[in-house]
Amino acid sequence: MRVEILIHPTCATSYKVVKHLHSKRLLGKAELAPTSSPRHAFRARVWSVPWIIVDGIPAATDPVTPEEVESIILEGKAEIPRDPVKAFMEAVLHSAYAASVAVVHGSINPVLDEDLASAALRTPLGGPSPGQLRIHDTVYMEWSNMLVRALAISLVRELWWATRGSPPSLVELGNLEAIAGTWLLAKASIGRAGLPGDPSSREVKGAGELAEFLSKTYNSLVKRVEREQKMILGDKEYWRLIEDLGLN
């Protein structure tokens with residue numbers, strides 16, 4: 001069984017998985033690759049990280065525990081979801097790309113992708129097939145608030161990166177809705193792929209909700225992101241391992 005794991009070193013789940021596999025001396029039993037190059041990500045059809053492929057088929061993605069990844073490598077076994085719809089939506093929630101596409105379109109339909117479903121449902125490891133996934137229009141409304149909140153963390157994290165750990169104050173940000181709308185359009189697209197036909201024909205869906213949530217939680221989100229990223233970026237042993245593995 002061939003197991004490939006695509007990661008990004010700043011991803012908290014990737015960080016935990018790499019460290020766990022290293023502690024168990026299992027890194028040599030899987031093929032690890034970075035997603036810092038688009039050619040790797042496009043070739044592997046990555047929606048989220050970590051992105052785990054078994055014998056060429058997407059088999060798992062976030063949310064995934066280090067212990068589940070260990071089980072996949074050693075036994076070819078995964079945690080099969082009892083509720084396929086919930087499992088798929090959790091995968092969308094943990095993918096900033098999938099979540100932003102869903103929010104900009106106000107629908108789950110644009111992200112009902114076979115590869116994402118296969119990974120979310122653990123299909124090649126005994127989970128249900130993507131064709132069995134039945135998602136109704138009401139599901140987006142049930143999950144929309146959670147999607148927006150998850151995207152707020154992603155936006156703040158990217159602000160933290162862009163300012164080298166010194167993000168602007170809420171006052172300095174200015175028009176939050178314009179910033180949220182611009183970021184959502186950029187996050188939900190590869191060039192123009194993924195955007196509604198005429199993005200300027202109406203207000204960007206989700207921008208108002210994202211701006212409102214940021215206005216209430218910005219400072220706490222900055223602190224949360226700072227703790228997360230300082231833990232990862234400050235782990236010298238981890239970064240030596242990442243360099244040795246060619247994953248940076």
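Reader: Hi! How do the residues lining the largest pocket divide into nonpolar, polar and charged?
Author: Hi there! In this predicted model, the lining of the largest pocket has 20 nonpolar, 11 polar and 10 charged residues.

Reader: Okay, and how much space lies in that largest pocket?
Author: The largest pocket holds about 1500 Å³ of space.

Reader: Which residues lie nearest its centre?
Author: Look for Ser48, Val49, His94, Ser95 and Ala96, which lie nearest the centre of the largest pocket. They belong to a lining of 41 residues.

Reader: Which helices each supply at least two residues of that lining?
Author: There are several to find: H1 (12-23), H2 (38-43), H5 (96-105), H7 (138-162), H9 (176-187) and H10 (207-233).

Reader: And where does the largest share come from?
Author: From H7, which supplies eight residues of the lining of the largest pocket.

Reader: Switching topic: what volume does the second largest pocket have?
Author: The volume of the second largest pocket is about 340 Å³.

Reader: How many residues line it, and which lie nearest its centre?
Author: The second largest pocket has 19 lining residues, and nearest its centre are Pro63, Val64, Glu68, Glu79 and Arg122.

Reader: Which elements give two or more residues to that lining?
Author: Those are H1, H3 (66-75) and H4 (84-93).

Reader: Which one gives the most to the second largest pocket?
Author: That's H4, with four residues in the lining.

Reader: Last one: what's the split by class there?
Author: The lining of the second largest pocket has eight nonpolar residues, eight charged and three polar.

Terms used:
Residues numbered from 1 in each chain as written. Predicted model: local features only at pLDDT ≥ 70, side-chain atom pairs only at ≥ 80, totals over all residues. Heavy atoms only, no water. 1 Å grid on protein atoms, 1.4 Å probe; cavity = no way out; pocket = protein on both sides within 12 Å on 5 of 7 lines; lining within 4 Å. Points joined across faces, edges and corners; volume = space filled by probe spheres on them. Nonpolar A, V, L, I, M, F, W, Y, C, P; charged D, E, K, R; others polar.
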